[in-house]
Amino acid sequence: SFDKPVWHDILGNKNMQKAIVLAQICLYVAVLVPVFSDKILQLRGVAVGAFGWLLALAGPFGCLVLCELCKLITAFQVRQY
């Protein structure tokens, strides 16, 4: 929803949950499987260290916060219309 909080019916779309799990599996395979990540994709996923993992977790959290703030604006605009 564009005007309701993220926790409203959070697990209502089962296909979206499956897509999220599949995307996470693909991400970790691409970043962490040794030959695939470093030789084929030329990534250094294991070498990012604790700071890299902290940034990797902070990014989605920051996106969630910004999206929720935008939803407040959208909800206000919907009520005005």
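**Notes on the predicted model**

1. A search of the whole structure finds 1 aromatic pair, where rings of Phe, Tyr and Trp (its six-membered ring) count as a pair if their centres lie within 6.5 Å, and where planes under 30 degrees apart are called stacked, those over 60 edge-to-face and the rest tilted. The pair is stacked, because the rings of Tyr28 and Trp53 have their centres 6.4 Å apart and their planes at 25 degrees. Tyr28 lies in helix 1 (residues 14-32) and Trp53 in helix 3, so the pair ties together parts that are 25 residues apart in sequence. Helices here are DSSP runs (H or I, at least four residues), numbered from the N terminus.

2. On the basis of the model: this is a prediction, in which local features need pLDDT of at least 70 and side-chain atom pairs count only at pLDDT 80 or more, while totals for chains, interfaces and linings use all residues. Residues are numbered from 1 along each chain as its sequence is written, and side-chain values use heavy atoms, with hydrogens and water left out.

3. Tyr28 is partly exposed, with a relative accessible area of 37%, and Trp53 also counts as partly exposed, at 35%; buried means under 20% relative accessible area, exposed over 50%, and partly exposed in between (1.4 Å probe, protein chains only).

4. Helix 3 (residues 49-80) has 32 residues and spans 48 Å from its first C-alpha to its last, close to the 46 Å expected at 1.5 Å a residue, the expectation being 1.5 Å times one less than the number of residues. Its buried residues are Gly52, Glu68, Lys71 and Ala75. Leu72, by contrast, is placed in helix 3 and counts as exposed, at 57% relative accessibility.

5. Leu72 belongs to a nonpolar surface patch that also includes Val6, Trp7, Ile10 and Phe61, and the patch has about 1,000 Å² of accessible area together.

6. In helix 2 (residues 34-40), Ser37 counts as buried at 4% relative accessibility. Leaving aside residues up to four places away in sequence, Ser37 touches Ala30, Val31, Leu32, Gln42 and Leu43, contact meaning heavy atoms within 4.5 Å.

7. Asp38 also has its place in helix 2 and is partly exposed, with a relative accessible area of 37%. Asp38 and His8 are 30 residues apart in sequence and 40 Å apart in space, C-alpha to C-alpha.

Definitions and conventions: Helices (H or I, at least four residues) and strands (E, at least two) are DSSP runs, numbered from the N terminus. Patches are made of residues with over 30% relative accessible area and no salt bridge: like charges are joined within 9 Å, nonpolar side chains (Val, Leu, Ile, Met, Phe, Trp, Tyr) within 5 Å. Accessible areas come from the Shrake-Rupley method with a 1.4 Å probe; for residues, only the protein chains shown count as cover. A salt bridge is a side-chain nitrogen of Lys or Arg within 4 Å of a carboxyl oxygen of Asp or Glu.
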